[in-house]
Amino acid sequence: PVITTAPTSLSYTLACCDSTTLPLTIHNTGGSNLINQINGGGRKIKVVLVAADNSTYVTDVQNKLMATGKFTVVDIFNASSSTPTLAQLKAYDAAQVWNNSPFSDGNTLGNNLADYVDAGGGVVTATFADASMTIGGRFNTGSTYYCINPSGQTNSSVSLGTIYVPNHPILKGVTSLSGTNVYHESGTTINSNANRIADWSD
């Protein structure tokens with residue numbers, strides 16, 4: 001077989017939740033059958049867990065993320081005793097940040113995380129880092145970095161509530177979500193630069 005395509009290459013950029021349709025014509029000008037397979041998407045990513053929490057809980061998160069098969073690396077950084085530098089953060093595609101005790105240096109952590117986001121990194125925050133024990137520094141200024149305005153938290157049994165963006169990748173394959181005695185943010189408002197995807201039931 002001899003394969004030719006028109007166009008010879010495709011290039012496009014899609015925002016989150018967008019889609020596109022592009023024409024592609026494949027010709028076989030050879031003397032035998034052409035068998036062609038196109039596989040797309042699904043680059044696995046590297047993540048670091050920046051946590052000031054009990055090591056058992058942090059390892060549990062690590063194991064569950066790895067079990068999804070979506071990540072090549074899920075490393076742990078103990079933010080109780082030290083602070084990741086910008087260079088260390090940039091070794092990863094994203095960082096998940098939370099605490100159940102004070103960060104070693106919340107202000108330096110916040111400055112480094114803000115620089116990391118500015119450089120293209122992704123940051124996911126969770127309780128209590130987006131509730132009563134916030135990240136400090138530049139990350140906690142204005143409405144650029146935090147999706148919400150942290151205030152406090154509540155502890156209750158909750159499930160998945162209103163869904164605002166049902167086709168968002170975060171919700172892919174999610175049909176239900178619930179928990180008992182779940183600590184989560186309370187009395188929060190959504191920042192102007194944020195996209196509200198879903199709520200807890202309460």
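This dialogue walks through a few features of the structure above.

Reader: What kind of model is this?

Author: It is a predicted model.

Reader: Let me start with sheets. How do strands in a sheet pair?

Author: Strands of a sheet pair through backbone hydrogen bonds, and the pairing is either parallel or antiparallel. Here, take the open sheet of 3 strands. Its order is β8-β7-β9, and the pairing is antiparallel.

Reader: Which strands stand at the edges of this sheet, and why is one side of each left without a neighbour?

Author: The edge strands are β8 (178–186) and β9 (198–200). Each has a single partner strand, so one side of each has no neighbour in the sheet. Neighbouring strands here are also turned against each other, by 60° on average with direction ignored.

Reader: Over how many bridges do β7 and β8 pair?

Author: Over 7 bridges, in the antiparallel sense. Strand β7 covers residues 152–163.

Reader: Now salt bridges. What is the idea behind them?

Author: Side chains of opposite charge can pair when their charged atoms come close. This structure holds 4 salt bridges. Start with D60 and K64, whose side chains meet at 3.1 Å, N to O.

Reader: Where do D60 and K64 lie?

Author: Both are in helix α1 (residues 55–67). They sit 4 residues apart, about one turn of the helix.

Reader: Is K64 buried or exposed?

Author: K64 is exposed, because its relative accessible area is 54% and the cut-off for exposed is over 50%. D60 has 35%, so D60 counts as partly exposed.

Reader: Which residue forms a salt bridge with D118?

Author: R138 does, with the closest N and O atoms 2.9 Å apart. This pair links distant parts of the chain. D118 belongs to helix α3 (residues 106–118), while R138 is in the loop between β6 (122–125) and β7. The two are 20 residues apart. R138 is partly exposed, at 29% relative accessible area. Salt bridges with shared partners join D115, D118 and R138 into one network.

Reader: What about R196?

Author: R196 forms a salt bridge with D199. Their closest N and O atoms are 3.0 Å apart. The relative accessible area of R196 is 41%, so R196 is partly exposed.

Reader: What does L22 contact, beyond its neighbours within four places in sequence?

Author: L22 is in contact with L10 and Y12. Both also belong to the patch. For a distance to check, take L22 and S11: 11 residues apart in sequence, 9.8 Å apart from C-alpha to C-alpha.

Reader: One last residue. Where does D75 lie, and what does D75 touch?

Author: D75 lies in strand β4 (residues 71–78). Not counting residues up to four places away in sequence, D75 touches V47, V48, L49, Q62 and Y92. D75 is partly exposed, with a relative accessible area of 31%.

Reader: How are D75 and P150 separated?

Author: Their C-alpha atoms are 26 Å apart, and the two residues are 75 residues apart along the chain.

Methods
Residues numbered from 1 in each chain as written. Predicted model: local features only at pLDDT ≥ 70, side-chain atom pairs only at ≥ 80, totals over all residues. Heavy atoms only, no water. Pairing = 2+ DSSP bridges. Axes fitted to C-alpha atoms, helices over the stretch in contact; angles between N-to-C directions. Patch = residues over 30% accessible without salt bridge, like charges linked within 9 Å, V, L, I, M, F, W, Y side chains within 5 Å. Areas by Shrake-Rupley, 256 points an atom, 1.4 Å probe, with all protein chains shown as cover. Buried < 20%, exposed > 50% of the residue type's maximum accessible area, 1.4 Å probe, protein only. Contact = heavy atoms within 4.5 Å.
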